[in-house]
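Subject: Structure handover

Hello,

Please find the structure below, followed by my notes on what turned up in it.

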Amino acid sequence: MHGPDLVALTGSKGEAALAEARRALQICNACRYCEGYCAVFPAMTLRREFADADLIHLANLCHGCRDCLYACQYAPPHEFGINIPKTMSEVRIESYARAAPGTRLLVDRPQLATALLLGMMVALVELYRRLLGGDPGGRGFYAVMGREAMIAFGLTAAGFALTGLTIGLLRYRAFAGPADHFGPSLRSWWRAAGDAATLRYLGGGGVGCNDTGESFSYKRRLYHHLMAWGFAACFAATSLGAIYDHLLHWPAPYPWISVPGLLGTVGGIAMIAGTTGLIWLKRIEGDSVSSPTTRAFDRSLLILLLIAAATGLANRLAHGTATLTPALIMHLASIGALLVAMPLGKFMHAGFRFLALARHADERRRLRID
Ligand code: SF4
Ligand code: SF4
């Protein structure tokens, strides 16, 4: 790669990523060829200088489609060595690390940290199961682990996640502010919600993204939709199951042909398809668009999502068999690991990106661009 060794010069990977982003965006701001691809370049043109807060904001607007890399006349091997998707992915990691210091462990040793997290959650599920036991006369998974034990485990993991997410989002808002850019404008929030729900900028300005190389495709957008909407369907199935069970006193488990049963099954299959597709795209990505560390970090969290979805379906299939106990323990442990990992890294991307989209919509509204 070109230029000086920024890690050695700045003393940290995060500072080096910010320095490289500042250098690259100053060149982009003079060139502006990629203005139509995504929200990053229009937001960039509103600035003459790039403070850390601006760089973090722009990095969280970028979703790594790579259109600007394949279009760039200054990309490697040109001596300018401009590689916006790679640079932005490293700045995003710095934003996760600033929001939650524990992120560094997940970034530097993602496989080890994920395996440790999963192991700790298996131990915690087993602890609650042994302490509180199954429900006397309970059917299905309630015979393996009772309501009280499940609620105690769920509240522990969800409490950690909610506290961590709130702190992380408040910290992001503080360091990627200024705060008034998050506006009181409902229209900006509404616009950001629409852009996030439709994954608008994963369309690469209308022609798709360079997901697998020089040709354009919508694969990443499709897999991302499958994973996100599958996750939402599984969450809806669990919430509906809790309402049936606790408020309407219709005890779980629910048959395949029921609203929670169908939502959970379809959502689980969609999540498996989406996460498998995204893991495959990460596998073929290569060093030219992301560093091995970033890829391993992203992949480890996708694997957790895949385990959660696969064990959820395995639970339904194992109903009435001896494999229900290990399938349930692994499923609950993977959900617990996902919840605990949420504030520590890649999952913060969803919240940060939403705040970045809202700030972008607000900046454009104030300047009457739209
Ligand atoms: S990525 Fe390259 S082509 Fe695109 S705006 Fe920057 S310098 Fe220009
Ligand atoms: S990689 Fe895609 S989203 Fe990121 S700056 Fe380039 S064109 Fe925009």
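A cavity here is a set of grid points where a 1.4 Å probe fits but cannot get out, and a residue counts as lining when it has an atom within 4 Å of such a point. Keep in mind throughout that this is a predicted model.

Cavities

In the second largest cavity, the lining consists of Tyr 37, Cys 38, Val 40, Phe 41, Cys 62, His 63, Gly 64, Cys 65, Arg 66, Cys 68, Ile 84 and Pro 85. The space inside amounts to about 80 Å³. Two helices, α3 (40-44) and α6 (84-99), each contribute at least two residues to this lining. Sorted by class, the lining residues are nine nonpolar, two polar and one charged.

The largest cavity has a volume of about 100 Å³. Its lining is made up of 13 residues, and those nearest the centre are Cys 28, Cys 31, Cys 34, Phe 41 and Cys 72. Which helix gives the largest share of the lining of the largest cavity? That is helix α2 (residues 13-31), with three residues. The lining of the largest cavity comprises eleven nonpolar residues, one polar and one charged. Counting cavities of 30 Å³ or more gives four.

Backbone details

Is Arg 66 buried or exposed? Its relative accessible area is 5%, and because the limit for buried is under 20%, Arg 66 is classed as buried.

His 249 also has a positive phi, near 60°, and is likewise a residue other than glycine. This one is in the loop between α12 and α13. With a relative accessibility of 61%, His 249 counts as exposed, since the cut-off for that class is over 50%.

There is a cis peptide bond between Pro 76 and Pro 77, with omega about 15°. Pro 77 belongs to the loop between α5 (67-71) and α6.

The α12 and α13 pair

Helix α12 (residues 219-247) packs against helix α13 (residues 259-283) at an angle of about 150°, and the axes are 7 Å apart. Angles over 145 degrees count as roughly antiparallel, so α12 is roughly antiparallel to α13. The two helices cross in a left-handed sense. By class, the contact of α12 with α13 has 19 nonpolar residues, eight polar and two charged.

One more residue

Arg 366 is part of helix α16 (residues 348-366). Its relative accessibility is 40%, so Arg 366 falls in the partly exposed class. Between the C-alpha atoms of Arg 366 and Asn 60 the separation is 20 Å, while along the chain the two are 306 residues apart.

Regards

Methods: Residues numbered from 1 in each chain as written. Chains lettered and ligands numbered in written order. Predicted model: local features only at pLDDT ≥ 70, side-chain atom pairs only at ≥ 80, totals over all residues. Heavy atoms only, no water. 1 Å grid on protein atoms, 1.4 Å probe; cavity = no way out; pocket = protein on both sides within 12 Å on 5 of 7 lines; lining within 4 Å. Points joined across faces, edges and corners; volume = space filled by probe spheres on them. Helix = DSSP H or I, 4+ residues; strand = E, 2+ residues; numbered from the N terminus. Nonpolar A, V, L, I, M, F, W, Y, C, P; charged D, E, K, R; others polar. Axes fitted to C-alpha atoms, helices over the stretch in contact; angles between N-to-C directions. Parallel < 35°, antiparallel > 145°, perpendicular 65-115°, else oblique. Left-handed = near helix turned anticlockwise from the far one by under 90°. Buried < 20%, exposed > 50% of the residue type's maximum accessible area, 1.4 Å probe, protein only.
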